[in-house]
Amino acid sequence: MASTPDEIATTWLAVFGDALKAKDKDAVAACFLEDGWLRDLLAFTWDNRISHGRERVAQFLDGPLKTTHLSSFELEEKPGLLPEFTRVTPFQEGVASGFRFETDITFCRGYFRLLKEKNTGEWKALAVLTMADNIKGHEERDHEEWDRHGSDHSIGWPERLATRCEAAEHNPYVLIVGGGQCGLNVAARLKQMNITALIVEKNDRIGDSWRQRYPSLTLHTPRIHDIMLYQTYPSNWPVYPPRDKVADWLEQYAITQDLIYWTKSTVLPQPTYDPETRKWSVSINRNGALVHLNASHVIVAAGTVGRPLVPDIPNREVFKGTAIHSVEYHGGEIFTGKKVAVVGVGNTAMDISLDLYYKGASSITVVQRSPAVFSFLSTVRSNMTRIWQEGVPVEISDLKNAALPFPLAKSFIRETAKFAWDKERNMIRDLKRMGMEANLGEDETGSFPLFIHWRVNHEGIDNGTAELICDGKIKVKKGEISRFEEHSLVFSDASELETDVVVFGTGFYGIREELQKLLGKETINSTSELWGIDGEGELKGCYRPSGHPALWFAMGGIVNGRWGSKQLVSCYNFYEVDF
């Protein structure tokens, strides 16, 4: 009987692969535990899907197996993906391994986590990831092709780059709207696949979307989690890089990755798509000049949020002080000695409150309207660095993370909650004593899973603000604001808060409204909902078919763009080929 990780993984993969090659959905499902999970990213269908339980796995595979020919199943040979004994659940040891296989049109890869079935003692899969890695004939290159001893030697790099720029600026295969972290990651992936892409960025410089944020902003997650595709941060950087370092990094990234971009440029409403030619017609204001382009695909990478959400509070015009949204907050120096009310309890509101304290505001009061989900920075860092480890190639960590379907990962956190959140519980107890309504979320998982997959306005990773609240140095006021007065805010319970300044850390409207203005209601209404998690546990609308031909959305943080760009360029309908 198999006893080593290699033997166990080899035996299981042989049975799994044979069942798939035989197109026997029930035999494939029998390779899973009764409550096992299959996450498929474009290997069996041209979408991202999650199936839970043997019955659902068999149902999902029923159609695809009839038309899909699978072959060449083999264990992964890369360090970090070799078969190993490892902790498969928070409390159970098992076997995990990467693997590879092929379909007629794709090279695929995957990762499985095995546990012993209680009744039989057989090794079965708790979770399996299958994903298209490359479409045959459209493979991602390992490196830039440059033969210094051949014909390339006579061509200077500026000349080569100018030729590429000419093609992208006059006949781009892909037009990317937005030059933030997601647009840059997608563009870098496309360049590596020899696909011409042009980025259109509205700001003066790449990175300005970061430079325009509040000055004390840093990454809220460790740098290892937020590496750009193909290019790691310097090893001597802070664990949480500050705003301006990230902005400058994005700017140099666009240069060193040889990306083609226009700054001070905006796509004009409304691009049109011709299904006969399968081309977009796009008009662009390029720094004051009108330019018309045709592109086969448009990728919108303009962020997940729209315009600032400012509560409509009566009497604002009578207020004698300053009332601004967080996007207008450029540092607390001008508020030294002032009484400040910060409306909101998300990360931005907490960061601004901390900045105001150290910049000498005479008083800071956090106005809370809904419960806050809190975690300590140290706890989130500990959780994340177990997944993304220094010294481990980020693509390996990304694969292992993706191989845990979000609902399963969240259940693991729930299982360990009573052991893992004691520090948070003490903090939450103290925050409640000071008047703040705070918790670990309805399922006791804290803010950690939100930060991996999506973000909401009421989650917070504490960076020191909670301690100041517990010490009484930052006050808390709960309730709904009913109106402004000349020097105060009046609440629905008739209580009053004197203040000189109001900063609304109240988030933003959704991006859909802005997209309707840009692309038209008919186009956007044909697309799926954007952002958040769907019923199966996949990210809605991003890095997958949108519902409209040749229109794609790339949104989220750096990790979303880095990992999701692979799924986006692995969709068959991204290419002008009949598969």
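**Helix packing, sheets and buried spots**

Reader: Hi! At what angle do helix α10 and helix α17 pack?

Author: Helix α10 (residues 394-402) packs against helix α17 (residues 558-569) at about 85°, and their axes are 11 Å apart. Helices (H or I, at least four residues) and strands (E, at least two) are DSSP runs, numbered from the N terminus. Axes are lines fitted to C-alpha atoms, for helices over the stretch in contact, and angles run from 0 to 180 degrees between N-to-C directions.

Reader: So what would you call that arrangement of α10 and α17?

Author: The angle makes α10 roughly perpendicular to α17. For the cut-offs, under 35 degrees is roughly parallel, over 145 roughly antiparallel, 65 to 115 roughly perpendicular, and the rest oblique.

Reader: Before we go on, what kind of model is this?

Author: It is a predicted model, where local features need pLDDT of at least 70 and side-chain atom pairs count only at pLDDT 80 or more, while totals for chains, interfaces and linings use all residues. Residues are numbered from 1 along each chain as its sequence is written, and side-chain values use heavy atoms, with hydrogens and water left out.

Reader: Thanks! Which residues of α10 and α17 meet?

Author: From α10 there are V394, D398, L399 and A402, and they meet V559, R562 and W563 of α17. Contact here means heavy atoms within 4.5 Å. The residues of this contact divide into five nonpolar, no polar and two charged. In that count Ala, Val, Leu, Ile, Met, Phe, Trp, Tyr, Cys and Pro are nonpolar, Asp, Glu, Lys and Arg are charged, and the others, Gly among them, are polar.

Reader: On to sheets. What is the order of the five strands in the open sheet?

Author: The order is β17-β27-β18-β19-β23, and the pairing is parallel. Two strands pair if DSSP finds at least two bridges between them. β17 (322-325) and β23 (475-478) are at the edges with a single partner strand each, so one side of each has no neighbour in the sheet. From one strand to the next, the twist averages 20°.

Reader: How many bridges does β19 have with β23?

Author: Four bridges, in the parallel sense, pair strand β19 (residues 363-368) with β23. T365 has K475 in β23 as its bridge partner. Helix α8 (residues 347-358) packs on this sheet, touching β18 (339-343), β19 and β27 (501-504), and its direction makes about 165° with that of β18.

Reader: What sits in the loop between β18 and α8?

Author: G346 has its place in that loop. G346 is buried, with a relative accessible area of 5%. Buried means under 20% relative accessible area, exposed over 50%, and partly exposed in between (1.4 Å probe, protein chains only).

Reader: Changing topic: is α5 mostly covered or uncovered?

Author: Mostly covered, with twelve of its twelve residues buried. Helix α5 (residues 181-192) reaches 17 Å from its first C-alpha to its last, close to the 16 Å expected at 1.5 Å a residue. The expected span is 1.5 Å times one less than the number of residues. N194 follows α5 and has a positive phi, near 65°.

Reader: What does Q192 touch?

Author: Leaving out residues up to four places away in sequence, Q192 touches E140, R141, D142, H143, E144 and Y230. Q192 is found in helix α5 and is buried, with a relative accessible area of 5%.

Reader: Last one: how much of strand β6 is buried?

Author: Nine of the eleven residues of strand β6 (residues 106-116) are buried, so β6 is largely enclosed by the rest of the structure. Strand β5 (residues 92-102) runs antiparallel to β6, joined by eight bridges, and R100 stands opposite R109 in β6. β5 and β6 form a hairpin with three residues between them.

Reader: What about β6 and β7?

Author: Eleven bridges join β6 to strand β7 (residues 123-135), also in the antiparallel sense. G110 has T130 in β7 as its bridge partner. The hairpin of β6 and β7 has six residues between the strands, and there G121 takes a positive phi near 75°.
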